[in-house]
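Biologist: I have a structure open and would like to learn how to read its side chains. Where do we start?

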Amino acid sequence: MGSINLSIVITTYKENEHIKRILTEISYLKESNISYEIILLDASDFQKEDAEKLLKNKSKFLTFISSPGLSRTKSLNKIFNLAVGELIVRLDARSSIPDDYIDKIYTLYKSSDAEVVGGSMKPIGTSKSQKVVANLMSHPLCFGGSRSRDLNHTGYVDSIYLGAFSNSFLRKNKLYFDGIHPDISEDSDLNYRINKCGGKIYQDSSIFINHYPRENLKDFFKLCFNYGVGRGIFVIKHRNFMFKRQLVPPIAFLLSIIFLILGFNISVLHTILLFSILIYIVMISIFSYKLGNVAAILKYMIGFLGAHFFWTFGFLVSPKRYLTNLNNYE
């Protein structure tokens, strides 16, 4: 390792407007005694000159890599391998940080006994549609039920959003992102293996990262599908669900199919299925009403329905994606 305390690493793909924002925020980081480098890998068409202009005087710390088409996990492995800092702080184009974020993360790392540290993730939006998506992502009925999404949780967690990693621990245990399965839930996968190697993951709710989610429901549903695929690949690979609540959507879907088919011979099963669907609709209606005004209720209802459907669909097709990844790798 070099004398650098901290490596800020970022990968981006077709997120030019968002990468401009996070680089501008990095340019405003408070001056401190912490020495750091910035490694940015772009897998599309963002230019080094633009990055340097946005970083201003902090561009002297920049290492810029252009690797068009490189997968997310391979991109992450490339920049993690290049990082020489004692601590590797991961950011992405859609993250947003306060000007004291780096100081707080490094202080947390030095004061804790954890190999991975981080703050709470807070989805935010600028437009009405993006705010709807942000609220859906934060809701326990959607993706907001885990401790790493809890803005008030301070303590050990199983996984964390982005995070800051002990470089020496990763290298000692030969821990990398999964280059075979680029669709896997890469945060959960790496953090799971860190736990298996005896590493601890700690979240401090006094530190936060804003996250700008997808701008509309259509793009959000695509993300939900990808999340489902990623979780399914994780389950196949590790034979572990990690978060038991994620069993609910696929089990509910499979039970619905079974009740629908068997109900043609056992009519009570159709009644149970119909009653369950009505309860579900009432439940998401209530949550939608609590999230927004009358005009937004329908959007939230569609959001909940779409999130559950597309996540489940992605999860169910994940075995095919898993085998395809293996075949392509071989």
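Modeller: Start with a charge and a ring. The charged end of Arg231 sits over the ring of Phe234, 4.8 Å from the ring's centre. The term "over" applies if NZ of Lys or CZ of Arg is within 6 Å of the ring centre and within 35 degrees of the ring normal. A caution: this is a predicted model, where local features need pLDDT of at least 70, side-chain atom pairs count only at pLDDT 80 or more, and totals for chains, interfaces and linings use all residues. Residues are numbered from 1 along each chain as its sequence is written, and side-chain values use heavy atoms, with hydrogens and water left out.

Biologist: What counts as an aromatic pair, and how many are there?

Modeller: Rings of Phe, Tyr and Trp (its six-membered ring) pair if their centres lie within 6.5 Å. Planes under 30 degrees apart are stacked, over 60 edge-to-face, and the rest tilted. The structure holds 13 such pairs. Take Tyr36 and Phe61: the ring centres are 5.1 Å apart and the planes are at 55°, so this pair is tilted. Tyr36 is in strand β2 and Phe61 in the loop between α2 and β3, 25 residues apart. Helices (H or I, at least four residues) and strands (E, at least two) are DSSP runs, numbered from the N terminus.

Biologist: Is Tyr36 buried or exposed?

Modeller: Tyr36 counts as buried, at 11% relative accessibility. Phe61 is partly exposed, with 29%. The cut-offs: buried is under 20% relative accessible area, exposed over 50%, partly exposed in between (1.4 Å probe, protein chains only). Another tilted pair is Phe225 with Phe313, at 5.6 Å centre to centre and 45° between the planes. Phe225 is in helix α8 and Phe313 in helix α11 (residues 294-329), 88 residues apart. Ring pairs also build a cluster, with Phe143, Phe220, Tyr227 and Phe310 among its members.

Biologist: What is a salt bridge, and how many does the structure hold?

Modeller: A side-chain nitrogen of Lys or Arg must be within 4 Å of a carboxyl oxygen of Asp or Glu. There are 13 here. Glu31 and Lys58 form one, at 3.3 Å from N to O. Glu31 lies in the loop between α1 (16-27) and β2 (36-42), and Lys58 in the loop between α2 (48-55) and β3 (62-66), so the pair ties together parts 27 residues apart in sequence. Glu31 is exposed at 64%, whereas Lys58 is buried at 3%.

Biologist: Which residue forms a salt bridge with Asp178?

Modeller: Lys237 does, with the closest N and O atoms 2.9 Å apart. Lys237 is in helix α8 (residues 217-238), and Asp178 in the loop between α6 (167-172) and α7 (186-196), 59 residues away. Asp178 is buried at 9%. Lys237 is partly exposed at 29%.

Biologist: Which residues does Ile26 touch?

Modeller: Contact means heavy atoms within 4.5 Å. Leaving out residues up to four places away in sequence, Ile26 touches Ile8, Ile10, Ile38, Leu55, Lys58, Leu91 and Ile97. Lys58 is also the salt-bridge partner of Glu31.
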